[in-house]
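Please read the numbered points beside the sequence and the model.

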Amino acid sequence: MSWFEPKQEKPAIPPAKALWAVCPKCKSHMPKEEWKANNAICPKCNYHGRLSARDRIAQVADEGSFEELFRAVSYSDHLSFHDASGDYKSKVEATIAKTKETESIVMGKASIGGHSVMLGVMDFSFMGGSLGTGTGERIARACETAMAERRPLVIFSASGGARMHEGILSLMQMAKTSAAIGKLKDAGLPYISVLTDPTTGGVSASYAMLGDINITEPKALIGFAGRRVIENTIHQKLPDDFQSAEYLEKHGFIDKIVERKDLKAFIAKMLSYWGF
Amino acid sequence: MASKKTAAKTAQKTSKAKAPTAWDRVQLARDAKRPHLADFLREIASDFEELHGDRLVNDDRALIGGFATIGDEKVLVLGHHKGATVEENMEANFGMVNPDGYRKAMRLGKLAEKFHLPIVTFVDTPGAYPGDTAEARGQAEAIAKSLEVFAGLKTPIVVVVTGEGGSGGALAIAVGDRILMLENAVYSVISPEGCAGILWRDGKAAPLAAEALKITAADLAKLGVIDEIVPEPAGGAQKNHKLAAANVKKAVLKAIKELKKLATEDLMAARYEKLMKMGRFN
């Protein structure tokens, strides 16, 4: 359950690297400005690229409605973990300084198209969006608050899986979040899971796949095991579309692939169908 | 909590003896001669009726389920299946479960709930099967759903980690009310080799990763992840299946007896709180 995959081979990058963006799916080049202006969506192949948690919240939540919760709930280095390149504490502190986030999920109350919700958005730039004890605790608390206030839960996932630096307790977050979400669903509250690029490993194998509806964006990578691990197991090259949003929809694990521009309206529409 | 104290005490006792390293225990946990599900069932259960299939596509041979009698208790047994020979292991897919196996486990778990029979799970897998068909049939969804379902089954669940507790593939049948672990079993978010490959960029650093990940029974007792360490015969369970199994039987029956005293609401509340406490530091 690696939380990040071995880095993909980098495509040939033109000299003015700072000015050019490369689509990770179709490898076409475009000025960075164009990539940004197009909301991190490739104009050639329609791959929906990664957004920071804050950018996502700005696009999905009604303006000024987001009220952040549990920011003080952060990582824990309960193993005093260190590896070949140093200790976990220094790594995660550097990530906090760089991203200005204190965990891999940003959680808070919000309204979406006028519907009150509990909204969690994962940020892949925080330790590969890995599921740590702080992440799990935020989700568990979000479920409790959502139940107390009768709010639907909406989570945008973006993660390589469990955070191995936090050892067995990161694995336990899969069970903890799944139990909390099960309780929320039993209480008659809706849970909409949005699996964004990429959602894999222990996150796809817990709360991300447990939505009353699971939705995603075009060409997102969604799966359990890593492509290379699977290729080594079956001794075969996998097709290009393996573990894509389209592949998942075809196999029955995704309710709908929704374009980024339509996400907010789609979520609001579902909530209004269900009377929330 | 009485069981937690027991775990700490056993942990202490274990560390006084010449303690094997984490990596030594990984080797013991993977020893081909170690007792597997079939060995435990033979020693512990006076009868066992296996039930097959997920009612969807398949009967996964890597995860076995059925009703059994252990002592005076009628229970549902679920467990990863590893064989003693290459042929048996091929059939059991080396204990690596496909989505079909987890769906079978959920189906049988719900059946046990219907008759309020305790569930005993035996955990021994390198991990969920990483294959293309496993992905196509929804490995992630099957594991996720198992976690949700077992957290909510209104019947006592006793988990015994007997060998390798390999990540999500192990956890999918390891959510319960009492988590027991054999002295030389290991339980980890990622295999030491996998972790070494990523964080050390060298698979040979696996012994270091095994140490850093804190994967032994004593470590997990300290972290509050397991409730009790089940002692093994000197040198490891592979030396004496009968004795290892007798210790497991004793611990399982004690746990069932304690859990059956609880009203269902109390059992469910305690299981939920047990999960919520995992990694609550803030």
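1. Glu265(B) counts as exposed, because its relative accessibility is 58%; the classes are buried for under 20% relative accessible area, exposed for over 50% and partly exposed in between, with a 1.4 Å probe and protein chains only. The residue Glu265(B) is found in helix α13 of chain B. Helices (H or I, at least four residues) and strands (E, at least two) are DSSP runs, numbered from the N terminus. The C-alpha atoms of Glu265(B) and Lys154(B) are separated by 8.3 Å, although the two are 111 residues apart along the chain.

2. On the basis of the note: this is a predicted model, in which local features need pLDDT of at least 70 and side-chain atom pairs count only at pLDDT 80 or more, while totals for chains, interfaces and linings use all residues. Residues are numbered from 1 along each chain as its sequence is written, chains are lettered from A and ligands numbered from 1 in the order in which they are written, and side-chain values use heavy atoms, with hydrogens and water left out.

3. The interface comes next. In chain B, 46 residues are in contact with 57 residues of chain A, contact meaning heavy atoms within 4.5 Å. Together the two chains bury about 4300 Å², 72% of it on carbon and sulfur atoms; buried area is the accessible area (1.4 Å probe) that two parts lose on being put together, summed over both.

4. How many salt bridges does the rule find across the interface of chain B and chain A? There are two, a salt bridge being a side-chain nitrogen of Lys or Arg within 4 Å of a carboxyl oxygen of Asp or Glu. One of them joins Glu148(B) to Lys185(A), with the closest N and O atoms 3.1 Å apart. On the side of chain B that touches chain A, α7(B) gives the most, with nine residues. Also between the chains, Lys183(A) lies over the face of Tyr272(B), at 4.1 Å from the ring centre; the rule asks for NZ of Lys or CZ of Arg within 6 Å of the ring centre and within 35 degrees of the ring normal.

5. Helix α9(B) has buried residues, among them Pro192(B), Cys195(B) and Trp200(B). Their cover includes β4 of chain A together with α2 (22-30) and α10 of chain B. Just after α9(B), Arg201(B) takes a positive phi of about 55°.

6. Glu101(A) lies in the loop between α3 and β6 (105-112) of chain A. This glutamate counts as buried because its relative accessibility is 3%. Its side chain makes polar contacts with the side chains of Arg54(A), at 2.8 Å, and Arg71(A), at 3.5 Å. A polar contact is a pair of N or O atoms within 3.5 Å; within protein, one must be able to donate a hydrogen and the other to accept it, and residues adjacent in sequence count only if both atoms are side-chain atoms.

7. The structure holds four aromatic pairs over all chains. Tyr75(A) and Tyr88(A) form one that is edge-to-face, at 5.7 Å centre to centre and 80° between the planes. Rings of Phe, Tyr and Trp (its six-membered ring) pair if their centres lie within 6.5 Å; planes under 30 degrees apart count as stacked, over 60 as edge-to-face and the rest as tilted. Both Tyr75(A) and Tyr88(A) are buried.
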